[in-house]
Amino acid sequence: MYFFRTGLFGVATAAAITLAGGLTGSSVLANTSKVDLSAAILADTSIAADARQFYLNRNYEPLWVGTENQSRASALIDALRNAPDQGLPAVKYRIAELEAALRKARDGDGSATELLATRIFLDYTQDLSSGVLEPIKVDREIAVKPPRRSELALLEAIAKSSPAGFFRALVPKHPEYTHLLNEKSRLERLIGQGGFGEPVPSVTMKPGTSSKHVVALRARLSRMGYGDLGTEPAYDETVINAVKAFQDDYGIKVDGVVGPGTLKVLNTPVKARLKQVLVNLERERWMNRERGRRHIVVNLANFSFNLYDNNRVSFSSNTVIGKISKDRTPEFHDEMTHMVVNPTWHVPRSITGKEYLPLLKKDPGFLARRNMVMVGSNGRAVNPYNVNFSRYNARNFPFNIKQRPSNNNALGLVKFMFPNKYNIYLHDTPSKSLFNRDVRAFSHGCVRVEKPFEFAYKLLERQTANPKGAFQSWLNTGREQYVNLETPVPVYLDYRTAFQGETGKMNYRNDIYGRDKTIFDALSKAGVALDPVQG
């Protein structure tokens with residue numbers, strides 16, 4: 001079996017399979033000259049080193065052309081035909097060109113066809129298993145590194161395996177990918193049948209309302225999958241429950257009232273939702289790896305994070321993330337190694353110069369009131385009243401500012417560290433009221449946690465018999481304490497705007513940072529297209 005997601009390859013089955021609808025024996029080149037294939041590879045500078053090594057290792061025997069390779073070529077063609085089902089750019093794989101080349105191959109030199117098939121195979125397998133795009137090239141704030149397989153390993157694997165089994169093994173196995181594929185099929189069918197129907201008029205509706213607009217609301221919610229709500233004009237309990245379920249699925253305050261915010265989301269076209277699904281399929285391919293028996297996923301778009309143990313959510317918390325206009329929280333993967341109890345906040349230079357220097361110019365005493373201290377390059381405290389701040393600007397301000405541990409510290413009473421070049425981490429906060437907001441984008445980039453103590457207990461449960469007692473003892477000292485995690489925990493800062501919710505229905509979130517649009521534009525440029533199924 002091929003354990004493709006972990007990068008381990010093995011033989012699935014030794015049987016050669018001829019797929020229905022594939023290429024017939026007469027369509028495939030019977031023999032290919034080894035000398036010609038060798039010469040073609042040596043002459044073509046675009047052939048990557050891995051592919052060159054692969055053919056050298058097999059003495060330039062062809063992989064795709066020749067009667068003995070019929071089932072493999074047929075499986076490749078069938079896989080390429082199904083590329084749109086995976087949200088992949090079928091046009092990129094030049095299916096018609098490859099089919100024609102394979103049909104025309106004869107007993108002479110088929111080296112051009114062989115190399116064409118290899119190029120297309122490598123494009124397709126990399127796209128399906130780890131994504132069409134390079135995230136950092138699409139948006140510098142998406143620093144996710146997809147798990148790219150080596151081309152040599154891919155070629156060696158298809159050469160040894162059952163072709164059909166190999167291509168099935170390429171598909172990401174995480175349940176979320178399957179949920180997204182199912183939602184893609186559902187939305188495509190809906191588009192073919194007219195979508196979500198007519199938009200709901202922009203009129204506020206709430207319990208007790210009775211009008212034709214409620215009839216339109218019922219029709220829209222029914223088309224969206226919230227049951228057969230009938231055609232009555234009354235805003236009754238049936239409508240209230242459907243609206244609340246919709247609000248919960250779309251991250252809106254659940255109050256059963258259809259106001260401007262709910263109406264805007266409700267009237268989003270079905271094609272816009274399909275675009276979100278295609279984008280999130282790509283994100284899932286970027287994460288097509290073993291994520292760890294215990295791992296953390298921060299969903300920036302949902303202002304939340306989950307701790308997973310053996311692929312089950314064992315802890316969840318709301319979060320506050322970086323501001324929308326600036327200080328957006330980046331996406332990347334790392335490992336949480338320790339927590340700091342009673343942390344000192346070392347104010348980032350960007351905040352010191354841009355935000356605190358203007359305050360110091362007006363009032364040098366504000367630092368003391370916030371339990372802060374200013375230090376020079378020698379690490380010694382500097383009295384702000386002895387400094388002429390008018391001499392400095394954001395670029396040349398020479399002092400560092402830090403805030404001592406306290407209940408009012410900007411980091412709260414604990415921070416959770418996964419050291420990275422962005423200086424991003426999870427932490428407590430004294431500003432608890434912000435967790436009551438629907439849109440929680442207020443930080444300078446770090447992720448604030450609503451239930452930090454409970455999270456600390458959960459992290460510590462595997463290394464101490466009394467995690468709460470141990471944590472509280474460190475907390476009660478009032479001193480900064482570093483606590484290492486005996487087993488580092490993988491952390492995935494992600495941005496999912498479409499995902500399966502707790503009820504089993506697909507949830508959608510607003511594209512607060514505009515990253516969905518950027519990714520879809522790049523996918524569209526690469527050839528990904530909306531593919532409605534006719535009703």
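What share of the contacts in the chain with a separation of 6 or more comes from residues 24 or more positions apart? Such residues account for 69% of these contacts, where contact means heavy atoms within 4.5 Å. The structure is a predicted model, in which local features need pLDDT of at least 70 and side-chain atom pairs count only at pLDDT 80 or more, while totals for chains, interfaces and linings use all residues. Residues are numbered from 1 along each chain as its sequence is written, and side-chain values use heavy atoms, with hydrogens and water left out.

The chain has 535 residues, of which 51% count as buried; buried means under 20% relative accessible area, exposed over 50%, and partly exposed in between, with a 1.4 Å probe and protein chains only. Its C-alpha atoms fill a box of roughly 90 × 70 × 50 Å along the principal axes. The chain holds 18 helices and 15 strands, which are DSSP runs numbered from the N terminus (helices are H or I with at least four residues, strands E with at least two).

Helix α2 spans residues 49-57, and Ala51, Phe54 and Tyr55 in this helix are buried. These residues lie on the same side of α2, because they cover an arc of only 90° around the axis, the arc being that of the directions from the helix axis to the C-beta atoms. After α2 comes asparagine 59, with a positive phi near 55°.

The axes of α5 (residues 111-130) and α8 (residues 163-170) come within 8 Å and cross at roughly 40°, so α5 is oblique to α8. Axes here are lines fitted to C-alpha atoms, for helices over the stretch in contact, and angles run from 0 to 180 degrees between N-to-C directions. Angles under 35 degrees count as roughly parallel, over 145 as roughly antiparallel, 65 to 115 as roughly perpendicular and the rest as oblique. On the α5 side, Phe121, Tyr124, Thr125, Leu128 and Ser129 meet Phe166, Phe167 and Leu170 of α8. By class, this contact has 6 nonpolar, 2 polar and no charged residues; Ala, Val, Leu, Ile, Met, Phe, Trp, Tyr, Cys and Pro count as nonpolar, Asp, Glu, Lys and Arg as charged, and the others, Gly among them, as polar.

With helix α7 (residues 151-160), the axis of α5 comes within 11 Å and crosses at roughly 105°, so α5 is roughly perpendicular to α7. Thr118, Phe121, Leu122, Thr125 and Gln126 of α5 make this contact with Glu151, Leu154, Leu155 and Ile158 of α7. The classes in the contact of α5 with α7 are 5 nonpolar, 3 polar and 1 charged.

Threonine 125 lies in α5 and is buried, with a relative accessible area of 0%. Not counting residues up to four places away in sequence, threonine 125 touches Leu154, Phe166, Phe167 and Leu170. Its side chain reaches the backbone oxygen of phenylalanine 121 at 2.9 Å, and a polar atom of this side chain lies 3.2 Å from the backbone oxygen of leucine 122. Such a polar contact is a pair of N or O atoms within 3.5 Å; within protein, one must be able to donate a hydrogen and the other to accept it, and residues adjacent in sequence count only if both atoms are side-chain atoms.

Glutamine 276 is placed in helix α13 (residues 270-286) and is buried at a relative accessible area of 9%. A polar atom of its side chain lies 3.3 Å from the backbone oxygen of threonine 497, and the side chain of glutamine 276 also reaches the backbone oxygen of arginine 509 at 3.1 Å. Beyond its neighbours within four places in sequence, glutamine 276 is in contact with Thr497, Ala498, Tyr508, Arg509 and Asp516.

Two loop residues complete the account. Threonine 329 sits in the loop between β3 (312-322) and β4 (332-341) and is buried, with a relative accessible area of 0%. A polar atom of its side chain lies 2.9 Å from the backbone nitrogen of glycine 322. Leaving aside neighbours within four places in sequence, the contacts of threonine 329 include Leu300, Ile424, Cys446, Tyr513 and Arg515. Glycine 412 is found in the loop between β8 (400-403) and β9 (414-417), and at 2% relative accessibility it counts as buried. Glycine 412 touches Pro343, Ser406, Asp428, Thr429 and Pro430, not counting residues up to four places away in sequence.
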